[in-house]
Amino acid sequence: MCIRDSSSSFETITEEVVVFNEMTVHICRPKSENAVIEYYIEKKQLDADPYWAALWPSACALSAHLALMHSEDETTEPSDSQFSGKTVCELGCGLGIVGLTLAKLGAKSVTLFDREPLCLECANASAKLNGVENIVKTDLFYCNAPGDENKLYSFVSFVAADVLYEKHAVEPVSEFCSKFVKANGGRIFIADPPLRAPQNRELFKKIRGAPLVLGLLQEPRSLSLIHI
């Protein structure tokens, strides 16, 4: 597959990622991250973010954590499951592995948000590879315009990885949670490397003003997890 427009393109590859035990997710991603950078330079999109093209440890760790939670839910009544039959979203999805994991775990609908249209093209391709294209949809999200209130989102679960490393993003992420995650019964899961910008996590918790549980994930390396 190629991501292509009238004057340039870059090649993508398919990667099978082991999420948890024998569960895998197929990811469509650029063959070369440098090609994405060159693409943006050629298009004079110098403010574009090429880092979505990598599969980051935080996203893998969060996917594994949620899959583990789901496996523990299987001993409960279906109505008590945290993800099966629920509406969920992933903010700053990048390659979308976390949202795709939840789609494969039985979520009713999954919305993947990111500011980069190219990454959403890859995410849509990945949804087809995993047979969840009828569950997954994508939408653009910009930090300076956090969400379209006319769309009336009301997600049961919000997931995100590596979205708090820039201070200017902390308030929009919190605002998104306030506007589009169910006030009663909504769940928020955010994974973030523990040594990178811990002050931003503290700011997020302060803005949220809600009881938070800060956990630690160990796959593939230590990652802080904000669990609301």
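**Exercise 1. Cysteines in the predicted model**

Task: State whether Cys93 is buried or exposed, and find how many disulfides the model has.

Solution. Cys93 has a relative accessible area of 6% and is buried. This is a predicted model, and the distances below are computed from its atoms. For Cys93, the closest cysteine sulfur is in Cys119, 4.5 Å away, which is too far for a bond. Cys28 is likewise to be checked. Its relative accessible area is 3%, so Cys28 is buried, the limit being under 20%. The cysteine sulfur nearest to Cys28 belongs to Cys122 at a distance of 4.3 Å, and Cys28 is in no disulfide. A disulfide requires sulfur atoms within 2.5 Å. The count by this rule is zero.

**Exercise 2. Nonpolar cores**

Task: Which residues touch the most other members of the largest nonpolar core, and which helix gives the largest share of this core?

Solution. Begin with the membership: the largest nonpolar core has 44 residues. Those that touch the most other members are Trp52, Leu66, Ile97, Leu102 and Val136. Next, assign the core to elements: helix H4, residues 117-129, contributes the largest share, with seven residues. Then take Leu66 and leave out residues up to four places away in sequence; Leu66 touches Phe83, Val98, Leu102, Leu105, Val159 and Phe189. Finally, a second core of 19 residues is separate, and includes Phe158, Val181, Ile188 and Phe204.

**Exercise 3. The largest pocket**

Task: Which residues lie closest to the centre of the largest pocket, and which element gives the most to its lining?

Solution. The volume of the largest pocket is about 730 Å³. Its lining comprises 32 residues, of which Asp49, Gly92, Asp114, Asp162 and Tyr165 are the closest to the centre. Sort the lining by element: strand S4 (87-91) and helix H5 (167-180) are the elements that give two or more residues. H5 gives the most, with three. Sorted by class, the lining has 19 nonpolar, eight charged and five polar residues.

**Exercise 4. The second largest pocket**

Task: Which residues line the second largest pocket, and how many of the lining residues are nonpolar, polar and charged?

Solution. The second largest pocket holds about 210 Å³ of space. Lining this pocket are Tyr39, Tyr40, Gln45, Asp47, Ala48, Arg115, Glu116, Pro117, Leu118 and Tyr142. Helix H1 (33-42) supplies at least two of the lining residues, and H4 also supplies at least two. By class, six lining residues are nonpolar, three charged and one polar.

Technical notes
Residues are numbered from 1 along each chain as its sequence is written. This is a predicted model: local features need pLDDT of at least 70, side-chain atom pairs count only at pLDDT 80 or more; totals for chains, interfaces and linings use all residues. Side-chain values use heavy atoms; hydrogens and water are left out. A nonpolar core is a set of buried Ala, Val, Leu, Ile, Met, Phe, Trp, Tyr and Cys residues joined through side-chain atoms within 4.5 Å. Buried means under 20% relative accessible area, exposed over 50%, partly exposed in between (1.4 Å probe, protein chains only). Helices (H or I, at least four residues) and strands (E, at least two) are DSSP runs, numbered from the N terminus. Contact means heavy atoms within 4.5 Å. On a 1 Å grid over the protein atoms alone, a cavity is a set of points where a 1.4 Å probe fits but cannot get out, and a pocket is an open set with protein on both sides within 12 Å along at least five of seven lines; lining residues have an atom within 4 Å of a point. Grid points are joined across faces, edges and corners, and a volume is the space filled by probe spheres set on the points. Ala, Val, Leu, Ile, Met, Phe, Trp, Tyr, Cys and Pro count as nonpolar, Asp, Glu, Lys and Arg as charged, and the others, Gly among them, as polar.
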